[in-house]
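Student: I have just opened this model. Can we go through its charged pairs together?

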Amino acid sequence: MPNVAIVTDSNSGITQAAAKELGVYVLPMPFMINEETFFEDIDLSQEEFYEKLSSGANIGTSQPSPESVMKLWDGLLRDYDEIVHIPMSSGLSGSCQSALILAEDYQGRVQVVNNQRISVTQRQSCLDAKLLAAKGRNAKEIKEFLEADKFNSSIYIMLDTLYYLKKGGRITPAAAAIGTMLRLKPVLQIQGEKLDAFAKARTTNQGKSIMINAIKNDIESRFGGMTEDKHIWLQIAHTANREAAEAYKEEILAQFPGYDIHIDPLSLSVACHIGPGALAFACCKKIVV
């Protein structure tokens, strides 16, 4: 049985401490804040990030340097036969393409997974990879399995403010002004590569209902419907909004009784574009090995 290491980045929401518990390895994502470089969960905590964001700091996202990626890989390949590297979605960052290019020099020992996941769904891919490795799959087989499974997930995100989308140039100032005046709560979706508009809610409660109904519809139309064996993973993510996420969990459990629901902060690479106060509801179809 090949000895396979599972690597991801901090966009998965997996902290350095959690990575040790899960038996995976996490590359910290770099951020430029007022021209100074910080690394997520190394010298930049969630609390520090939101303090800098709310103070109006100039925050830019980046990707791990080739040197940091190869240093991690080279160290792991002294103890492992192979590596499965699971970066954030190729549609949201260039880090996946960069890793694919770097892996060409590793004679197949490093397999980079382009399965278009992020946050809690990217985390689930890491757990799936661990399960596949434990069942004896090699790195190439794990990569092929995860990429074939990439569309078996959904994320819906309700924003609390339009300010950061406007600041990043993702909506026009006029659209932001109208949305703010009408107190709209946009609901975005991640299906595959892109972060797209999905719906507009007038209230937080309406937005939460929209996300629940959207996940229900995906389960029925794409993932084989609700079953007694509960073959769906449910997840919540948030931006500096843990209390609201815990309350939302209870609302979801009323609609999905008996399900386990994992809660994580949303990755900072997404948070810097949407700001604090966001809630996300996600699901992944459980893999069959």
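Student: What is the relative accessible area of R242, and is R242 buried, partly exposed or exposed?

Tutor: First, the ground rules. This is a predicted model: local features need pLDDT of at least 70, side-chain atom pairs count only at pLDDT 80 or more, and totals for chains, interfaces and linings use all residues. Residues are numbered from 1 along each chain as its sequence is written, and side-chain values use heavy atoms, leaving out hydrogens and water. Buried means under 20% relative accessible area, exposed over 50%, and partly exposed in between (1.4 Å probe, protein chains only), so R242 is partly exposed, at 39%.

Student: Which residue does R242 meet in a salt bridge?

Tutor: A salt bridge is a side-chain nitrogen of Lys or Arg within 4 Å of a carboxyl oxygen of Asp or Glu. Helices (H or I, at least four residues) and strands (E, at least two) are DSSP runs, numbered from the N terminus. The N to O distance is 2.9 Å, and the partner is E246.

Student: How many residues apart in sequence are the parts that D149 and R117 tie together?

Tutor: Their side chains form a salt bridge, 3.3 Å from N to O. D149 lies in the loop between α6 and β8, and R117 in the loop between β7 and α5, so the parts tied together are apart by 32 residues.

Student: Are D264 and R123 buried or exposed?

Tutor: Their side chains meet in a salt bridge at 4.0 Å, N to O. The pair links strand β12 to helix α5, 141 residues apart. Both D264 and R123 are buried.
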